[in-house]
There are 2 protein chains.
Amino acid sequence: MKHIVLAKRPEGAPTDENFRLEDAPVPEPGEGEVLVKVKYMSLDPYMRGRMDDGPSYAAPVEVGSTMEGGAVGEVIASNDPKFQPGDHAFGMFGWATHGVQPARMLRKVNPDDAPIQTSLGVLGMPGFTAWAGMTAYSRMKEGETLVVGAATGPVGSMVGQLAKQAGLRVIGVAGGEEKCKMAVETFGFDACVDHRGKDARAMREALKNECPDGIDIYFENVGGPTLGGVIPLLNLHARVIVCGMIAWYSGESDETGSMPLQKLWRHALVKRLTIQGLLQTDHVSRFGDFLREVAPKVASGDIVYVEDVEEGLENAPEAFMGLLKGRNQGKLVVKVD
Amino acid sequence: MKHIVLAKRPEGAPTDENFRLEDAPVPEPGEGEVLVKVKYMSLDPYMRGRMDDGPSYAAPVEVGSTMEGGAVGEVIASNDPKFQPGDHAFGMFGWATHGVQPARMLRKVNPDDAPIQTSLGVLGMPGFTAWAGMTAYSRMKEGETLVVGAATGPVGSMVGQLAKQAGLRVIGVAGGEEKCKMAVETFGFDACVDHRGKDARAMREALKNECPDGIDIYFENVGGPTLGGVIPLLNLHARVIVCGMIAWYSGESDETGSMPLQKLWRHALVKRLTIQGLLQTDHVSRFGDFLREVAPKVASGDIVYVEDVEEGLENAPEAFMGLLKGRNQGKLVVKVD
């Protein structure tokens, strides 16, 4: 088997030297464990956080260890009666061609329901993150205005589609004309602002044009000038769901990142904002509800998704670096098999 | 009648030159209006915000107009059947010896239930603010730890008592030994940290000693180094209720006020914080519930309150300037009559 390890911790944006492709023996499944041959692995922005030391919501990847991540593949050996060879399963196998996990850590995936790689995106962690955040925290109401960054990504596109179906005005933010076009034409957003080359002031002006009644819900995936443009446009009782801040994951700062806390505090008080941190693991007990509600809509085409497929495990680092720079359009997966 | 007007807008902390005592004819109540002779008026930190121009949750006081505020007094003339001369009423009469308001803007106060000035404090806006914020947003649970600043003030002391009665560990923050003693001995807090002479780092150390299990709820009245000390101690899923920030009302900044937004955003995400702005006017429909629940506890002594009474309308500016500097101990009222 092959796997990619964290070769050294990055300073700033990751580069090739932070990753190393290694060979290893295929592991043996122990008691209650399952061996899976990976078909698709997921690449997600949160993985950048795992590369750093220091406190976060999960332990960092150790230097020399396999890069973390979700993947889906075919069971080739099982010491648990719930899985048989030939079954498909999702689990945290990391950046690797094979993986062993306890059966209780795996989710069975039925290839007849949907392409198996949707378990990494629209019907996996990113789609669930969007659904969990919107159902738990958005208090969305028909006629309100929602803004979401990384609009064509698997979280942003789900947020926007759920909000559109609830009757909201939905404005995306994305990098480049092509993605903005996709947000509107493929995902049905009302409009999409291209953040490229815009500072916080320019973002504010562009968003103001698209949000004549202000912003009621901001689903935060990005930080940076997008957030800086959003804050002054937030309405009374607006909700800000903080799910990610990809613009700041590699330690960059900017005008918005250095905005004085005092200023935000004043906005929070005067507008009685709700600012809510979101992590999908807090909501796992509702994963079944999510699948029951959303999987039929994906099957019927009422919820659409876009995938960017890279080929080959060895290309994962390059694809991941591109993801952090906004190079992908939809959900980024690597075809490993 | 006499009233105090905003003579000019302050730059920084207000001084004598920002206020002017003026004579005026006693106003005549119009159709549906009530004339009240004020007995007690309230002084509250929020009034500092009204002295500034610029957007806030309420319009600023105009230069040359009466300073705004709540007051309670005796009805001396009424053109509304709901009020008779001799009745007592609370209303927004401002800093003045007399005031006219439409009857529908007044709340009748029964002097047999409690001293009438409690309608300005423990049974008025400040007490209600605390109760509304705690009932709507705190999600407090037995065994959790709450921190509240301005601990002996009418908001902080109510917050702390409500939390103690719900079985929380309650740590106050106040300026000076005497107030800290009062927080513990009079209001029953578990401990109280003196913020005087402490920067954010020192506040963090002092709070850490008193909060061995971290902080689950921070009821924000003060901003400044107290907030700076609290943030790193907030637990997973902690709630921050932003009710006021007296340390920053006169435009001061400090290390915490200039903390980069990026840093707070990371705390919000990693710890899945809830940060919620609070203004009591959003909750007025529950004012009756508040009185039904809290007034009997005040009558029975299960909820206690402390008042600082200044004598004479002409001393209101001096008392207000002292309030902003933390000179009062409990709820500050001016005996006007």
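Q: How many residues of domain 1 of chain A are in contact with domain 2 of chain A?
A: Domain 1 puts 21 residues in contact with 16 residues of domain 2 of chain A, where contact means heavy atoms within 4.5 Å. This is a predicted model, so local features need pLDDT of at least 70 and side-chain atom pairs count only at pLDDT 80 or more, while totals for chains, interfaces and linings use all residues. Residues are numbered from 1 along each chain as its sequence is written, chains are lettered from A, and side-chain values use heavy atoms, leaving out hydrogens and water.

Q: What makes up domain 1 and domain 2 of chain A?
A: Domain 1 takes in 2-121 + 306-335, and domain 2 is 125-280; such bounds come from an automatic or database domain assignment. Over C-alpha atoms, 28 Å separate the two centres.

Q: What area do domain 1 and domain 2 of chain A bury between them?
A: About 1,400 Å², with 59% of it on carbon and sulfur atoms. Buried area is the accessible area (1.4 Å probe) that two parts lose on being put together, summed over both.

Q: How many salt bridges are there between domain 1 and domain 2 of chain A?
A: The count is zero. A salt bridge needs a side-chain nitrogen of Lys or Arg within 4 Å of a carboxyl oxygen of Asp or Glu.

Q: Why is the link between Arg272(A) and Asp282(B) called a salt bridge?
A: Their side chains meet at 2.7 Å, N to O. The cut-off is 4 Å for Arg nitrogen to Asp oxygen, so the pair qualifies. Across the interface of chain A and chain B, the rule finds two salt bridges.

Q: Which residues of chain A lose the most area to chain B?
A: The two chains bury about 3,200 Å² between them, 62% of it on carbon and sulfur atoms. In chain A, Gln262(A), Trp265(A) and Leu269(A) lose the most, together 25% of what that side buries.
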